[in-house]
Amino acid sequence: MPQVDPDLYGGDTRTRAFIRVDAPQAHCFNKRCPGFVLVRSDVPLDFVYEQTSKYGGPIYGTQLYVKRDLANGNWWLLVGNDFTLVGFWPKRIFSELANPASYVEWGGKVYSPAGTPTPEMGSGHFLQQDTKYDAYFRNIQVFNDFG
């Protein structure tokens with residue numbers, strides 16, 4: 001997921017990748033999440049998106065995957081066409097992740113510091129028929145334990 005967070009990155013307003021965990025015991029970003037095991041130092045969780053889509057302009061996309069390892073129950077974060085393993089959440093750190101998921105959800109969220117107006121999401125324009133004007137998800141797939 002992309003984010004811009006000048007508070008988190010010392011005034012930097014570049015678009016960065018991030019993971020956020022919202023669970024009963026933790027609400028955190030990236031490596032600040034207790035227990036997330038990073039296995040690739042060359043793929044930082046907060047990497048900068050060098051190219052970002054602009055309203056009516058070229059479209060850039062990122063492929064992200066979360067997959068449960070059937071052998072041990074850990075949940076892996078993978079990126080890109082080649083399914084690069086970035087890291088995993090051990091099943092032991094969240095009781096809800098110890099077993100197969102009972103639901104999935106995706107979407108977007110905007111944020112601003114207290115006292116600052118909340119920005120528009122994406123371009124701020126309403127959905128059009130032509131997706132070049134909107135943020136969107138595609139090729140969403142949910143698999144059960146049997147694939």
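## Aromatic pairs

Rings of Phe, Tyr and Trp (for Trp, the six-membered ring) are taken as paired if their centres lie within 6.5 Å; planes under 30 degrees apart count as stacked, over 60 as edge-to-face, and the rest as tilted. The structure, a predicted model, holds 3 aromatic pairs. One of them joins phenylalanine 36 and tryptophan 89 in an edge-to-face arrangement, with 4.8 Å centre to centre and 65° between the planes. Phenylalanine 36 belongs to the loop between β4 (26–29) and β5, and tryptophan 89 to strand β8 (residues 84–89), so this pair ties together parts 53 residues apart in sequence. Strands (E, at least two residues) and helices (H or I, at least four) are DSSP runs, numbered from the N terminus.

Phenylalanine 36 has a relative accessible area of 11% and is therefore buried; tryptophan 89, at 9%, is buried as well. Here buried means under 20% relative accessible area, exposed over 50%, and partly exposed in between (1.4 Å probe, protein chains only).

Tyrosine 65 and phenylalanine 83 form a tilted aromatic pair, 4.7 Å centre to centre with 50° between the planes. This pair links distant parts of the chain, 18 residues apart: tyrosine 65 is in strand β6, and phenylalanine 83 is in the loop between β7 (75–79) and β8. Tyrosine 65 is partly exposed at 26% relative accessibility, and phenylalanine 83 is partly exposed at 46%.

## Strand β8 and its partners

Strand β8 is largely enclosed by the rest of the structure, because 5 of its 6 residues are buried. Two strands pair if DSSP finds at least two bridges between them. β5 and β8 pair in the antiparallel sense over 2 bridges, and valine 37 has phenylalanine 88 as its bridge partner in β8.

β7 and β8 also pair in the antiparallel sense, over 5 bridges. In β8, glycine 87 is the bridge partner of leucine 77. β7 and β8 form a hairpin with 4 residues between them, and glycine 80 in the turn has a positive phi of about 80°.

## Serine 41

Serine 41 is located in the loop between β5 (37–38) and β6 (64–68). Its relative accessibility is 74%, so serine 41 counts as exposed. Serine 41 and valine 86 are 45 residues apart in sequence, and their C-alpha atoms are 8.3 Å apart in space.

## Basis of the values

Residues are numbered from 1 along each chain as its sequence is written, and side-chain values use heavy atoms, leaving out hydrogens and water. In this predicted model, local features need pLDDT of at least 70 and side-chain atom pairs count only at pLDDT 80 or more, whereas totals for chains, interfaces and linings use all residues.
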